[in-house]
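Subject: A structure for you to explore

Hello! I am handing over the structure we talked about, and my notes on it follow below. Please open it beside this email and read along.

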Amino acid sequence: MSKKEARSDSDISDVSDEQEWLNEDDDEGDEETVQVISLLDDRVFPDAMSMVSYCKEKYGFDFLAVRDRLQLDFHGTVKLINFIRQRVHEGSTLPDEISAKDLEDDAYLKPILDDDALIMCLDDLPEPSAPVKEAKQSEVSPEDLIKRNSELQSELEALAKQFNNYRLAVQQTLDTRWGEDDTETSTKAPGAPSRAQDSLDAGKAGNDYSESYFASYARNEIHETMLKDRVRTDAYRDFIYRNKHLFAGKVVLDIGCGTGILSMFCAKAGAKQVIAVDNSAIIDKAREIIFDNGLDDKIVCLHGRVEEVTLPVKQVDIIVSEWMGYCLLYEAMLPSVLWARDRYLKPDGLLVPSHANMWISPIASPGYFPDEYLTDHIDFWRDVYGFDMKAMQANIYDDVRVDVLPSDCLASAPCAFSMLDLHTVKVEDLVFTKPWHTKFSENASTLFGFLIWFDIFFAPSRDDKTIADTATAADWAAGGPERVAFTTGPAGEPTHWKQGVVINKEYAEAKITSKELQGEISFSIPESYTRGLNIGITWEAPQHGKKGDTWLLH
C-alpha cells in the first residue's frame, strides 16, 4: 500500500497536493488483478476455481455439482450465483438442495455484488457436464464423436457470446448508476460524499474514498517524491543495513510496499522471505522491479488490502511500513499496520519504525511572521496579475496548511504531546486530546498560530525503554549507530511531510502579555473523509481567558 499523496517540494504548498487523484481513464488497458469474493463469506481469491474449492472444503458446498445437477446454462449459472449471494447477504441459510424453482425469478440476473469477478470468470470454470446416454463402446461411432464435438464447440461459442453480452450489460448498468450519483451529488454541500463513493469497498470504514486513494499511488510522481526524500529513505535503509542481524533468516511483511524499495532493503539484509503488500496498481511495477534486481526468489508481491489478502505464512518476524502522513496521522494508514501487527506479528516480533513522537510550538511575531507569510500566502489573492481574487480567501484560515518553516519562527521551546509506541498503541488511541504547555521567548509579542510536526524512531528491540516521552530524534540517534531516527520539524532537513501550520484567526488581537501558555490539542476524524484529520487546539495564559479553534487537514 503505499501511502503518500503527491507532495510538492516547493516552499509554498497546499494540502490539496496530497489528494491529486489518478483519473480512472488513465488505467484503461492496464491489466487488472482478479479478486474473486467467496460465495459464502468475505474471503478473496485470485481465481474462480480457488474460491469454488474453498467453499467445497470449508462449507461442503459444491458449486459445480449444483450447476451440473440443474444443467444450468450461462444465464442460469448467473442466477445461481446471485441467488446464493442474496441469501448470504440477508443472513438466510441456503436450501438443503437448491432447485430450478429457486432460480425462476429473473431478478437474479441482476448482480448482487457490483462488478462480480466470479461472473466475469465463469469461462474459467470447467465446462458443465451433460447427460450421457448409456451406450456400448461399439455403438459410439467416429461420426458421432465428430458430431458431438461440433455441438460442444457451438455451445462454447454461444456461452462466450452470452458472457460478453452480460459483461457489457453490467458495465452499462454501473456507468448509469455512477452517472446518476454524480448528478445527485451536485446538489449536496461541498465535500459531502456521493452514494457512489460511499459504496466503494472501503465504505466499511467510512468515507475514505479508497478507490481514488489507492489509485493515486499508481502514479510515478508520488513515488519519485518519496524516494527522493533522503531523510525518509536513508533512515529505513540505514536501520535495516546497520541491523542485518535482526533481519537475517527472518520473514518480513512490508505493508504499502509501493515500488518495493523497503522490501529490497530487507532482502539484501538477509531476510529469508519478504511479503510485499499494496492495494495500488503500483504492485505490478514493484513485481517487475524486484524481478529485474534478481530478488524475486525472496520477495513475493500481493495485490490487495493487508486486511483482505491471504499471506503465505501464519506469522511474521518483522513488519516494516512507511505509513506516516502529514501531521503523522493524516491518511489513516496506521490502523492497517496495527491490524496486521495483531494478526500476523509474532509475540517477540519487531515493528519498523517502532515509535513516533508528536510536537507543537506556538508561532509568534516579530520575525518572518506574520507580515511576510501573509503577503506570500494570504494577501497574494488580492492582486493576481492585476485581478482581485479575494474569493479564494474564503475560509482560508480553516484548513491546516502544509509548509516548510524556518526554525526561527518558533516562539518557544517545542512541547511533545503524544509518544506512540507502535508495539502497544491501539487504534482507539489515535483519536485523542492531550495537554501541552510552554513558555514564550523574550521577544515574542503576538500569537500568530501553531506549528505541528513529528519525529520517527527505529528501535532495534521492542523492549527498548530508552525512548522517553519527550525524546527528540537527534538525541536518541546519538546513542549509537544501531539507533536511527529523524525529525520532520523545522530544526531538521526538510522532508516531503513538511510541517502542519495552523493560523490563529484572531492573531492581530492575540497580544502576548504572559510568558506562560498552556492548553490542549486534539486529533479526530472528519465525518466527510475518514483519511483526513481535524486538529483542535485550545490555549490560555494565567489571568487570561481560554481560546481555541479547529482546523481541517484534508
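In the chain, where is confidence lowest, and where is it highest? It is lowest in helix α6 (residues 195-198), at a mean of 32, and highest in β6, at 98. The score here is pLDDT, the predictor's confidence in each residue, from 0 to 100. Helices (H or I, at least four residues) and strands (E, at least two) are DSSP runs, numbered from the N terminus.

Two notes on how to read everything else. This is a predicted model, in which local features need pLDDT of at least 70 and side-chain atom pairs count only at pLDDT 80 or more, while totals for chains, interfaces and linings use all residues. Residues are numbered from 1 along each chain as its sequence is written, and side-chain values use heavy atoms, with hydrogens and water left out.

**Confidence**

The chain averages a pLDDT of 81, and 78% of the residues score at least 70. Over residues 1-31 the pLDDT is below 50, and this stretch has 103 contacts in the model beyond near neighbours in sequence. Residues 172-206 also have a pLDDT below 50, with 32 contacts beyond near neighbours in sequence. A contact means heavy atoms within 4.5 Å. Where pLDDT is low, the predicted coordinates should not be read in detail.

**The parallel sheet**

Now to the sheets. Strands of a sheet pair through backbone hydrogen bonds, either parallel or antiparallel. Two strands count as paired if DSSP finds at least two bridges between them.

Strand β4 (residues 273-278) runs parallel to β5, and 5 bridges join them. Within this pair, Ile-275 stands opposite Val-300 in β5.

**The antiparallel sheet**

Another open sheet has 4 strands in the order β11-β15-β16-β17, with antiparallel pairing. Here the edge strands are β11 (432-439) and β17 (547-553), and each pairs on one side only. The twist averages 20 degrees from one strand to the next. Strands β15 (residues 516-524) and β16 (residues 533-540) pair in the antiparallel sense over 7 bridges. Look for Gly-519, which stands opposite Trp-539 in β16.

**Salt bridges**

Side chains of opposite charge can pair when their charged atoms come close. How many salt bridges does a search of the whole structure find? It finds 19, where a salt bridge is a side-chain nitrogen of Lys or Arg within 4 Å of a carboxyl oxygen of Asp or Glu.

One of them brings together the side chains of Lys-346 and Asp-317 (2.9 Å, N to O). Lys-346 lies in strand β7 (residues 345-352) and Asp-317 in strand β6 (residues 316-321), so the pair ties together parts that are 29 residues apart in sequence. Lys-346 is partly exposed at 28% relative accessibility, whereas Asp-317 is buried at 14%. Buried means under 20% relative accessible area, exposed over 50%, and partly exposed in between (1.4 Å probe, protein chains only).

The side chains of Asp-342 and Arg-341 also meet in a salt bridge (2.9 Å, N to O). Asp-342 is exposed, with a relative accessible area of 59%, while Arg-341 is buried, with 10%. In the salt bridge between Lys-390 and Asp-388, the closest N and O atoms are 3.6 Å apart. Elsewhere, salt bridges that share partners join Arg-230, Asp-234, Arg-237, Asp-238 and Arg-242 into one network.

**A buried aspartate, and the cysteines**

Is Asp-116 buried or exposed? Asp-116 is buried, with a relative accessible area of 3%. It sits in the loop between α3 (74-90) and α4 (117-120). Not counting residues up to four places away in sequence, Asp-116 touches Ile-81 and Arg-85.

Cys-266 is buried at 0% relative accessibility, and Cys-327 is buried at 5%.

Enjoy exploring!

How values were computed:
Axes fitted to C-alpha atoms, helices over the stretch in contact; angles between N-to-C directions.
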